Structure formats: structure tokens, C-alpha cells
Amino acid sequence: MPSFRYWDDCVDPEDMKVMWLIPEVNKEWIDAGEKMGEKVHISRDPDGEPYLTQTEMQAIAKITVDRHFNSQLDPNMICALCEIVSDRKLFIEQYEKKLKETRIGIMQVAPETADWLSREMGYRAYEIDINSNVLYRPFVNVYFGAAYIKWLSSCDGKERNEEFVIRAYKGGKKKATHKSTQIYFQRYMSVKESLAFQRDNETRQLAGAVSNSTTATPGKSGEEWAFWDARVSIEDMETMWNTPEVVREWAKSGERRGRVRFSLDAHKRPYLSRVEVKAIAGIIIDRHFSSRGVKAAALAALAEVTSMRFVNGVRARTGLLGIDYPTALWLYNDRGYRAYKIISVDDLCNPFVSMYFGAAYLAYLAEYEGRQRSYEFIVQAFLGGPENVNLQETGPHWTKFKDTLRFYEDSKKDQGSCSIL
């Protein structure tokens, strides 16, 4: 077990800069006698155990979500979980006898779980060694804890609610509906409500303070990551600049080559316009799927239904088309779709990569189990999984897809049609 005395012992220098930029953290540290440019002491309880303050915990949760799970996870969920699983203590270890695993750190992550998330699910923002102490580092522990939350949110191909996720986080999937985890969820909800009340009071007290967003940090996880050019290849950007509709839209918003901004919603989550979505869909189809007959309008409509055009995806779905890392890797390795490399889950936050593997999965579903499939089957299978398709009744996925398709169809060529292939 490591021994951290200072924040600087367990946090990268760039992350320390980000922490200092957060007004609440800055004020708390200065009030405690810390100085920027010097090592920052980690708080200790009366027994000498190092822990994070609620302010520090909230900052790490928000930074982690903004960087890696934007529009997918709620930082408040992470903070509440840390309160009840570890009391925000850095070095706590607990052996789960029934699960036969030792959980460590502020989010109680098992090394085996972190290793699996990295190796099989593509979460590779941090290198993980099952026998190392890296999971005691707060940013690393929260990253893998958040990744596990996201996986639980759609495990077994089902969209899971908050109660299932929290109870499964504690006792495993099999105990998610067992009475033994019910009290755990009740505690979680109580803590979450309490934290929300405290934050509301703090927000009112800090009203008028200058706020420095965590997205102002350098590199992939910061300001540059808010630009198309940081995520998309030079070749793909050049193709976008050669698309007249895109050029007109970008010109109106004052974009320039090498510095094209993503649109941001009120919560600073990057999203694409319908013009941009349709352009990417058209480029991907023309380059790689023209012989398959897949229509760009249908692909664009699926992107909107799946992710609401958010670049990082929504909830448990990753990226524009919601294709998860294992599926993309399978399409790459086993089905031969290799126009774009897929190394980690972060690659799927590139709109072109997500659109490409989304189109590949669509083509696969069109001939699922060796049979030519109907348009309705393909859409339902794409959005809800092929095992959950019910063609006996018109499901919500198919209805929503048809309603969305009209935004992308050429009114003269495609009116009245609802074809995908």
C-alpha cells in the first residue's frame, strides 16, 4: 500500500493545475494555508487516515466526467457512491467474501475489474497493472469506478435504472434486486440528496465568483478537445471543408481551418448540427459502403435517435452511433472493417469513427444470421439489440426512427420512402 502525504504524490502536475483552477478548491486550499506552486497536503482524519474533502471529491468527479464520460454520467452519482463505499478515504481496502475480490480506494474498485475494463472494454486513459498501486491514485480510481458504472448502466444489453446500477455496484449484478442491497440504495439516495442541498447553498454563496471550467485544461481532455481538429483526421476535415452545406454553416458561425469548434449545449456538451451529421454519414457511405446500398439519411437518423447528436454519446451509449468498444473491435477484427483503427473507447468519440462502425454494424444486421432482414428489423435490432426485436408490433424505436428520418431525407428523392438499404 502506498503512502501519499501530498496531492502531488498521487496526482499528475497537469491535474494539479486543473484543481487549482476550480474556485471552490482554490478557496479551500488557500484557507487551509496551501500555496500555489508548492506541494498541497492531503487531509487526514483524527486517526491519521488520508481522505478527500467533499470539495475535492466533487472536483475530481466533475473533471473525470467532463473528460471521459461527458453527457453519459452524473458527477453527483460518483460523489454519493464515494461517500458510502469509502467515506472518501484513499487507502481503504475491503474484501468482498461473496464476490471473492478485494476492493480498494475511494470508489472501491477491484484490480481485476479495472484490468478487465481496460483490456476488454477499451478504457485506457490510464495504464493499469493488476499488481500495482495505481488504483490508489484518486483520478485513476474514479476513472475506473465511473467506467464500471457506465458498463452496469447497459449490462446484458438492457438499459438499467439508477437503482439497479447502485445496488449492482455494491453487491454484483445478481444482488441488484436482492433485499440485501436495498438499504444500500436508500443510504445512497439520502447522501445524494444531502450533497445536492449542500451544493445549492455553496453555489448561492459563490455567486458572482469567476468560474474557470475544467474544459480549459490543455490537451485531449481540455480546451483543444472541444475542436473538431483535435478529434478528426486531417483527411476527414478536408472532406468536410469540401462539402458546400458544411462550409456555409461553418462560415456563418465564424469557423476557420484548423480551429473548428463543436457546438456546445447549456452544459458544455459537444454536439453536431444536422448538417454536420448528414455530411459525415454521406462521406462514410460514399467511401466505404456505396456497394452495400446503405443510405446516408438513414444512418444520420440513427445517429440522432441513438445519441441526440452528442459527440460523446448519451448515458450508456458511446459516441455518435452508440457503438460500444467490444462491438467495434469485433467488427474490426472479425468482420474486416479496418478503415479506422480502434485502440480504446476514446476513439469512438471521433464522429467519423463512430459513424463508420455504426454503418458496419448496420450492414451486418441487414443480413443477420444469413437472412435478408426488413428495414424495421434492422432499426429495432440496431437500437435495442437483435435478440429484442419484436416485429409483431410497431415498437417505439421504429416509430422514433421514422419521425427522425424526415429531417435527413431529400424531400424530392426520398419523400414517402423509409428505406435503409
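At what angle do the axes of helix 13 and helix 17 cross, and within what distance do they come? I began my notebook with this question about a predicted model.

**Entry 1: Helix 13 and helix 17**

I looked up helix 13, which covers residues 296–307, and helix 17, which covers residues 396–405. Their axes cross at roughly 120 degrees and come within 9 Å. That angle makes helix 13 oblique to helix 17. I recorded the crossing of the two helices as right-handed.

I then listed the residues that meet. Helix 13 contributes Ala-297, Ala-298, Ala-301, Leu-302, Glu-304 and Val-305. Helix 17 contributes Lys-400, Phe-401, Thr-404 and Leu-405. Sorted by class, this contact of helix 13 with helix 17 has seven nonpolar residues, one polar residue and two charged residues.

**Entry 2: Helix 13 and helix 16**

I next turned to helix 16, residues 375–384, which also packs with helix 13. The angle here is about 35 degrees, and the axes are 11 Å apart. This crossing, of helix 13 and helix 16, is right-handed.

Which residues of helix 13 meet helix 16? I found Leu-302, Val-305 and Thr-306 on the side of helix 13, and Val-379, Phe-382 and Leu-383 on the side of helix 16. By class, the contact of helix 13 with helix 16 holds five nonpolar residues, one polar residue and no charged residues. I noted that Leu-302 and Val-305 take part in the contact with helix 17 and also in the contact with helix 16.

**Entry 3: Salt bridges**

How many salt bridges does the structure hold? I recorded 24, and I looked up several of them.

Lys-27 and Asp-31 form one, with their closest N and O atoms 2.9 Å apart. Both residues lie in helix 2, residues 23–31. They are separated by about one helical turn, because they are four residues apart in that helix. Lys-27 is partly exposed, at a relative accessible area of 48%, whereas Asp-31 is exposed, at 55%.

Glu-101 and Arg-103 form another salt bridge, at 3.0 Å from N to O. Are these two residues buried or exposed? I found that both Glu-101 and Arg-103 are buried.

A further salt bridge joins Arg-160 to Asp-156, and the closest N and O atoms are 3.5 Å apart. Arg-160 counts as partly exposed, with a relative accessibility of 24%. I also noted a network of salt bridges that links Asp-74, Glu-162 and Lys-192.

**Entry 4: Asp-236**

I looked up Asp-236, which is found in helix 10, residues 234–241. Its relative accessible area is 1%, so I recorded Asp-236 as buried. Which residues does Asp-236 contact, once its neighbours within four places in sequence are left aside? They are Arg-287, Tyr-340 and Phe-352.

**Entry 5: Positive phi values**

Most residues other than glycine have a negative phi.

Gln-108 is not a glycine, yet its phi is positive, near 50 degrees. I located Gln-108 in the loop between strand 4 (101–104) and helix 5 (111–119). Gln-108 is buried, with a relative accessible area of 6%.

Met-308 is not a glycine either, and its phi is positive, at about 55 degrees. Its place is in the loop between helix 13 and helix 14 (325–333). Met-308 counts as partly exposed, at 44% relative accessibility.

**Entry 6: Ala-230 and Asn-350**

How far apart in space are Ala-230 and Asn-350, C-alpha to C-alpha? I recorded 9.2 Å, although the two residues are 120 apart in sequence. Ala-230 lies in helix 9, residues 228–231. Its relative accessibility is 38%, so Ala-230 counts as partly exposed.

**Entry 7: The whole chain**

Of the 421 residues in the chain, 52% are buried. I also looked up contacts between residues at least 6 apart in sequence, and 60% of these join residues at least 24 apart.

Methods. Residues numbered from 1 in each chain as written. Predicted model: local features only at pLDDT ≥ 70, side-chain atom pairs only at ≥ 80, totals over all residues. Heavy atoms only, no water. Salt bridge = Lys/Arg side-chain N within 4 Å of Asp/Glu carboxyl O. Buried < 20%, exposed > 50% of the residue type's maximum accessible area, 1.4 Å probe, protein only. Axes fitted to C-alpha atoms, helices over the stretch in contact; angles between N-to-C directions. Parallel < 35°, antiparallel > 145°, perpendicular 65-115°, else oblique. Left-handed = near helix turned anticlockwise from the far one by under 90°. Contact = heavy atoms within 4.5 Å. Nonpolar A, V, L, I, M, F, W, Y, C, P; charged D, E, K, R; others polar.
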